[in-house]
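User: I would like to go through this model with you. Could we begin with a contact to the DNA?

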Number of protein chains: 2
Amino acid sequence: MSDALSAIERFSRYQSDDAQSVESVHCPVRDVLDRIGDKWSILMIMTLATRPQRFSELHRAIRDISKRMLTQTLRDLERDGLITRHVFPTKPPSVEYCLSPLGQSLLDPMASLIDWADRRYSDIHAARVRFDGAPCDVPR
Amino acid sequence: MSDALSAIERFSRYQSDDAQSVESVHCPVRDVLDRIGDKWSILMIMTLATRPQRFSELHRAIRDISKRMLTQTLRDLERDGLITRHVFPTKPPSVEYCLSPLGQSLLDPMASLIDWADRRYSDIHAARVRFDGAPCDVPR
DNA sequence: CAGCATCCAACTAGATACTG
DNA sequence: CAGTATCTAGTTGGATGCTG
């Protein structure tokens, strides 16, 4: 893995040039964040990381997702090549979703983020309490 | 850094138990994603990673953010302890924003994600073209 | 079983105007 | 300079009902 600063520079490239009017020049990072930043994608990838699963298995695993969002999230992830969809021509139909190699390659970077979240959450929570408790030490 | 699978297990914990009605039990990962998944936070952190900067410097660096969102993003990041805010009592006022140690500790995990995005973007783009081009090879 | 279609409430964020 | 306030368009996602 390359270091943080060079990654920052690559990220900043897409912001520094005049990509204001040209919407076609799209920042990859923005793109990835839009995908994994939504409500269910990461949880879906994480759930599929353990093993391939069928539609209703996923629905049981992520109990508070609606069928609408389950379908849509799966479709978006499939479109981006992160998961594959295989239909078994049984009756009633059965569809299995599976993490693709591309999707698996996302597991490591995501794990490092999850790891950070887990370890630093108490710090964040403490900061919030501090901030909410003393909102006006310095005039704003 | 711990491996991906154990991170997945920790993440899944928060989903598997009956946290449906109890909204107070909050998943740290969800929390972090809500912060860095929004439109400007990562870009803000990345911009501040190079050096501390003032309000209008940030506005110039991120040219297509509105003042409203600039203020709000900075406030949210400050609340979570990721950045610090220092007011210089000059006239007119001058305010400097700076990445905190906690915020700096986020740079590495974020860099690994950015790195992934940068390297795999061509794969994702190709997958999209394939998906959009051949939407109905298999009946859906 | 594995979806799709429709409607709608809530939230996000841009535009604009004003302030100490 | 560094914000705040208000209004509004656009987006997200939940609820519900229907289908091969």
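Analyst: In this predicted model, an N or O atom in the side chain of B:R85 is 2.7 Å from a phosphate oxygen of DNA strand D. That pair is a polar contact (N or O atoms within 3.5 Å; within protein, one must be able to donate a hydrogen and the other to accept it, and residues adjacent in sequence count only if both atoms are side-chain atoms). Local features need pLDDT of at least 70 and side-chain atom pairs count only at pLDDT 80 or more, while totals for chains, interfaces and linings use all residues. Residues are numbered from 1 along each chain as its sequence is written, chains are lettered from A and ligands numbered from 1 in the order in which they are written, and side-chain values use heavy atoms, with hydrogens and water left out.

User: Which one gives the largest share?

Analyst: Helix 5 of chain B does, with 4 residues.

User: Which residues of that helix 5 of chain B are buried?

Analyst: B:L70, B:T73, B:L74, B:R75, B:L77 and B:E78 are buried. Buried means under 20% relative accessible area, exposed over 50%, and partly exposed in between (1.4 Å probe, protein chains only).

User: What do the buried residues of helix 5 of chain B pack against?

Analyst: They pack against helix 7 (107-133) of chain A, and within chain B against helix 2 (28-36), helix 3 (41-50), helix 4, strand 2 (83-88) and strand 3. Contact here means heavy atoms within 4.5 Å.

User: What follows helix 5 of chain B?

Analyst: B:G81 follows, and its phi is positive, near 75 degrees.

User: New topic: where does B:D132 lie?

Analyst: B:D132 lies in helix 7 (residues 107-133) of chain B. This residue is partly exposed, with a relative accessible area of 43%.

User: Which side chain does the side chain of B:D132 make a polar contact with?

Analyst: The partner is the side chain of A:R79, at 2.8 Å.

Key:
Helix = DSSP H or I, 4+ residues; strand = E, 2+ residues; numbered from the N terminus.
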